[in-house]
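Please keep the sequence and the 3D view at hand while reading.

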Amino acid sequence: MKRLLAILMVMLLLVPALFAQGSSEPTVAAPAPAAAPAPVAAPAASSGSVNAYTTLEEPLAAKLFQLFEAETGIKVNFVRLSGGEAVARLEAEASNPQASIWVGGVGLDHITAKSKNLTTPYISRYATKTPTAFRDPDNYYIGLYVGPLTFVTNTERAKELGLEVPHSWADLLKPQYKGYIRMANPNASGTSYNVLTTILDIYGTEDKMIEYMKALDKNIDQYAKSGSAPGKSVATGEIPIAIGYAHDQVKLKAAGSPIVITAPSEGTGYELASMSLVAGGKDSVNAKKLYDWVLSSPKAQTTFTEWYVVLVADGAAKHPDALAISDIKTVVQDMAWDGNTVNKTRLLDRWTNEIGNKR
Amino acid sequence: MFTKKRIIQFCFAALLFLSLDLWMFNTLSANFRTYEELRNFNEIALFAQTAPEEETAQAYEQWIPTVKSIIAGARAYYFTFDESQGLFVPSSGSETNLKLWNENKNSPEFKKAMESVYYLEPMKLSGSYKADFSLDPDIHSNEAIASQAYFVPVIDANGYQANGAIMILVPNSTATGYVNLLRTLFIAAAVIFLGIMLVISFTRDPMTGFMVLTLFGIVLVFIAYPLLEAIRLSFIKDGVFSLQTWKETLSPTYLVALWGSLRLGVLTATISTIVGFMFAFLIERTSFKHKRVMSILATMPVISPPFSLSLSIILLFGNNGLISKQLLHLNTSIYGLAGLTLVEVIGMFPIAFMTISGVLRQIDSTVEDASLDLSATRWQTFKAITLPLSAPGIVSAWLLVFTNSLADFANPLLLSGDYRVLSTEAYMLVTGRSNLGAGSALSFLLLMPTLTAFLIQRQWVAKKSYVTVTGKPSTNLTELTSKPVRLTLETISWAFIGFIVALYLTIVAGCFVVNWGIDYSFTLANWGEALSRGWTSIRDTVTLAAIATPTAGLLAMLTAMLIVRKKFPGKRILETLIMTPYAIPGTLIGISYILAFNKPPLLLVGTGAIIVINYVIRELPVGVENGITALHQIDPAIEESAADLGADVPTVFRTIVLPLVRPAFLSSMSYTFVRSMTAVSAIIFLISARWNHLTVLIFNFSENLRFGLASVLSTILIFIVLFVWALMQVLVKDDKLTQKTISTR
């Protein structure tokens with residue numbers, strides 16, 4: 001009993017440490033690489049930290065923010081969240097925001113955040129490098145990179161089952177694919193909601209879109225609950241064919257899985273991974289520095305391209321294996337319409353009532 | 001107890017304290033208001049200094065809105081002085097101000113203000129005005145709020161005359177936040193003081209009173225308050241009260257999912273209880289040889305890092321699984337109810353096992369001996385004595401698994417296929433459609449079946465007595481099984497364990513291959529990378545869990561003792577509230593914690609404390625349940641005699657209760673520790689940049705198809721938990737008196 005009490009006392013001593021928030025943590029000695037060239041324009045005296053939410057892949061975010069810290073001395077304390085989780089968290093924290101900037105995540109989620117007044121406008125001096133089509137007219141969010149919707153096929157499984165690789169949205173409806181295609185539930189994933197809007201753009205009316213999705217539903221094995229999950233199931237051979245974003249899939253291919261990525265011939269939709277400043281964020285100056293750096297630093301851009309994404313800023317570098325948006329036929333997307341809460345709710349409700357609930 | 005004298009004493013003391021409390025509050029808040037006014041004036045002066053040089057209407061039109069960047073949420077309006085009329089007339093600025101001006105310009109207060117400005121003196125209007133900020137919304141203020149109004153003169157170049165005036169509105173919400181905080185603190189002080197007074201004045205056993213009071217405090221602040229915040233959210237749509245969310249929630253769409261959750265819960269709970277009872281019986285009540293090994297193996301699945309069991313099931317038994325396809329060439333799908341039940345049973349039967357073995361161990365064999373002596377068969381004895389005596393354990397095991405299954409979210413996320421359950425539907429509503437309100441409404445729907453089951457169980461157990469530990473402990477347990485029966489049980493158990501071990505070996509094997517499912521060549525590279533990337537997360541996770549574990553363990557046993565042994569008003573409510581967090585999906589708990597604790601007076605978001613509190617609160621039900629079950633079997637006479645010999649409640653707790661409920665205490669601590677180490681759904685909303693969590697990293701790695709790294713971290717996690725369990729066995733010393741040996745007849 002006494003020993004237990006002694007342990008408890010030690011535990012109690014630890015308690016004050018619990019209340020330490022991110023900012024008060026003594027900064028871990030920065031692994032400043034000796035070779036880092038002095039930043040050209042950044043004021044040298046800047047330091048401190050900034051709290052960020054990110055929807056970038058965790059390793060990419062870790063590398064990116066480490067580079068930023070090495071260059072500027074500003075430590076980025078980040079939490080990786082999916083797009084939906086980020087919005088939910090920003091909303092729950094609205095009265096006392098914990099983060100100052102949100103990097104990455106599909107543009108539609110950023111539009112949702114904007115419509116809920118969770119983010120704040122900022123005109124970066126580097127914003128003009130990004131074409132107007134890829135940034136918010138009210139300057140709430142700015143696009144970083146685009147990723148087109150593509151099909152991914154596991155060649156081994158396809159061979160075994162005697163399936164051809166699909167090349168168009170129409171192909172997907174062929175009876176040979178019955179039970180062999182997987183996509184995410186549009187209610188759970190921005191990726192799949194993007195599929196709905198793409199089909200809507202291609203076929204013109206909402207009724208025709210639902211009609212197509214109904215036909216496609218016959219071939220769908222199951223609706224996964226995350227946008228990148230179907231692609232991963234293809235990589236491990238769990239299912240032969242999936243619909244998802246190209247950069248998620250190129251990554252799987254690079255990891256050595258026997259897959260082939262194809263773009264639909266009728267045209268396809270794309271995501272615009274974006275960045276926003278959080279309304280009422282505590283360290284907004286450092287957040288703006290990070291915002292500017294992500295848009296302007298060549299190092300940041302190189303880091304992004306290592307993840308096979310295609311940056312939208314003019315003159316940005318590109319990875320040779322990445323699928324450039326210009327190589328693929330894309331549909332004309334009206335992000336503001338797609339991201340409008342009323343439209344989104346209507347489309348999703350129709351899909352849920354006429355397809356999702358019928359399964 | 002309630003004598004007249006005491007009541008008068010109490011009222012007097014309460015009156016004295018309340019008036020003191022009120023006086024201090026008034027003084028402090030008045031002081032603060034003065035200070036706040038001064039600060040606002042300073043800020044307004046600062047704003048006035050930025051007035052444009054050239055006095056054109058256009059320059060002023062651009063300058064007036066910049067007030068927002070100096071005083072958050074403020075609005076300004078510029079009036080010019082009309083010489084001919086000798087009046088200030090509206091010129092340009094915020095619509096909000098103009099409307100308020102038009103409504104009030106003839107009031108004495110406004111007239112006084114204009115006069116003051118005319119004489120070049122700035123003035124703050126006494127009293128507050130309701131200003132409609134929706135006319136000119138921004139993020140800080142966008143609805144009708146009570147505001148303070150200031151009038152400031154714009155003085156001409158010579159400094160003699162007012163060229164104009166600026167009217168500035170500062171919303172109260174920014175000005176009175178501190179006063180609200182102060183009020184909360186003083187109310188809290190009053191409540192605590194009155195509570196203490198109440199206990200001291202009216203109870204014979206103040207220690208118990210204080211403990212009950214503290215418990216109520218904890219439960220109200222950390223369970224009821226966040227849940228109320230979440231309930232409030234479900235009744236609000238677009239900022240106003242609405243039943244819309246609940247109408248949608250109760251539509252057939254979600255009732256189907258509710259039905260899905262219930263079916264899954266009943267199946268999982270029933271199978272898990274049967275399997276758990278089998279293991280517990282084999283280990284506690286037979287002369288089975290490999291008890292320790294089996295006991296460890298059977299508790300293993302509780303240490304499943306989220307997703308990892310489901311992932312290995314998919315990799316082994318999925319459409320393209322190693323076993324199902326490559327080995328057996330099967331063509332069945334593991335997605336849906338069957339697969340989900342399988343994986344949940346594996347993950348949750350240890351809960352049943354631990355709960356039931358705690359009870360089986362406590363059963364006094366003398367009763368069984370008596371039965372056997374009276375020439376009942378072993379089966380009859382088992383049926384008539386052992387089974388009924390372990391009934392409370394069985395029922396609470398079933399209930400715990402049932403609730404756990406309803407709240408489970410990680411497994412359905414990967415394995416449900418087209419089968420729909422409420423927890424994932426709620427998650428999708430929150431993250432996919434960013435509808436927090438509907439998400440929380442759905443989660444409340446989940447509470448109903450659990451609470452119903454819980455209340456029924458309480459009613460039923462309360463009617464019976466299961467006392468077998470009477471202070472004269474016997475050290476023998478009678479073997480109840482014949483050899484063939486025991487062998488059958490052994491075989492089934494080993495087969496089941498073999499299956500589980502296979503799943504775990506998949507995780508361990510994953511550490512050493514390049515990429516599971518794609519590239520099976522051997523590598524050690526995963527270890528270095530995983531350790532360098534995950535080190536801080538491992539440290540944080542262990543620290544937090546290590547603080548939560550003893551806290552939760554002691555709190556749970558204390559609570560159990562109070563609930564079982566003491567009579568106090570509101571016991572049922574306390575019990576119910578303590579049980580609720582167990583039944584709520586973690587997503588909702590996470591969100592409700594942010595809603596409740598991201599504002600003063602309890603600003604906890606971003607700290608490690610909120611994570612620890614969340615662990616303790618979420619795992620308390622299991623500990624309390626274990627403790628209650630164990631205590632039901634102990635004759636209160638032992639405690640009563642200690643109390644008669646002069647021991648106070650803490651002494652009784654420390655020297656009698658804790659040693660007697662040691663198995664329950666240990667298992668509740670083990671459980672808290674492992675759940676803290678493997679938590680995911682609530683944690684994802686509570687982690688911060690400073691306090692990260694291992695499971696989130698594991699999840700991120702498997703999201704990126706880095707199964708190797710995820711496996712390494714999962715393996716490390718499993719070994720940490722095993723090590724800590726061993727440590728706990730040593731630290732919480734075994735009481736030799738309650739140990740039993742098994743004898744065969």
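Helices (H or I, at least four residues) and strands (E, at least two) are DSSP runs, numbered from the N terminus. This is a predicted model, in which local features need pLDDT of at least 70 and side-chain atom pairs count only at pLDDT 80 or more, while totals for chains, interfaces and linings use all residues. Residues are numbered from 1 along each chain as its sequence is written, chains are lettered from A and ligands numbered from 1 in the order in which they are written, and side-chain values use heavy atoms, with hydrogens and water left out.

B:Asn40 is found in helix H1 (residues 4-49) of chain B. Is B:Asn40 buried or exposed? With a relative accessible area of 3%, B:Asn40 is buried, where buried means under 20% relative accessible area, exposed over 50%, and partly exposed in between (1.4 Å probe, protein chains only). Leaving aside residues up to four places away in sequence, B:Asn40 touches B:Tyr150 and B:Val170, a contact being heavy atoms within 4.5 Å. B:Val170 is 130 residues from B:Asn40 along the chain, yet their C-alpha atoms are separated by 8.5 Å.

B:Arg285 lies in helix H10 (residues 252-285) of chain B, and B:Arg285 is buried, with a relative accessible area of 0%. The side chain of B:Arg285 makes a polar contact with the side chain of B:Glu368 at 2.4 Å. A polar contact is a pair of N or O atoms within 3.5 Å; within protein, one must be able to donate a hydrogen and the other to accept it, and residues adjacent in sequence count only if both atoms are side-chain atoms.

**Chain A and its helix H9**

The secondary structure of chain A comes to 13 helices and 11 strands, and buried residues make up 58% of its 359 residues. Among contacts in chain A between residues at least 6 apart in sequence, 78% join residues at least 24 apart.

Helix H9 (residues 246-254) of chain A is mostly covered, with seven of its nine residues buried; among them are A:His247, A:Asp248 and A:Lys251. Against which elements do the buried residues of H9(A) pack? They pack against strand S5 (141-154), helix H8 (229-235), strand S8 (241-245), strand S9 (259-262) and strand S10 (270-278) of chain A. H9(A) is followed by A:Gly256, whose phi is positive, near 105 degrees.

**Salt bridges**

Side chains of opposite charge can pair when their charged atoms come close. A salt bridge is a side-chain nitrogen of Lys or Arg within 4 Å of a carboxyl oxygen of Asp or Glu, and by this rule the count comes to 24 salt bridges over all chains. Some of them are listed here.

| Residue pair | N to O distance |
|---|---|
| A:Arg89 and A:Glu93 | 3.2 Å |
| A:Arg157 and A:Glu160 | 3.2 Å |
| B:Glu639 and B:Arg565 | 2.9 Å |
| A:Glu58 and B:Arg533 | 2.4 Å |

A:Arg89 and A:Glu93 are both buried. A:Arg157 and A:Glu160 both lie in helix H5 (residues 155-161) of chain A, three residues apart, which is about one turn of the helix; A:Arg157 is buried, with a relative accessible area of 7%, whereas A:Glu160, at 46% relative accessibility, counts as partly exposed.

The pair of B:Glu639 and B:Arg565 meets in a salt bridge and links distant parts of the chain, 74 residues apart, with B:Glu639 in helix H26 (residues 636-644) of chain B and B:Arg565 in helix H22 of chain B. B:Glu639 is buried, with a relative accessible area of 7%, while B:Arg565 counts as partly exposed at 21% relative accessibility. In chain A, a network of salt bridges links A:Asp207, A:Lys214, A:Arg350 and A:Glu354.

**Where the two chains meet**

At the interface, 70 residues of chain B are in contact with 71 residues of chain A. The two chains bury about 5900 Å² between them, 57% of it on carbon and sulfur atoms, where buried area is the accessible area (1.4 Å probe) that two parts lose on being put together, summed over both. The count between chain B and chain A is two salt bridges, including that of A:Glu58 with B:Arg533. The rule also finds 11 residue pairs in polar contact across this interface, with both residues at pLDDT 80 or more. On the side of chain B that touches chain A, the largest share, six residues, comes from helix H22 (residues 525-565) of chain B.
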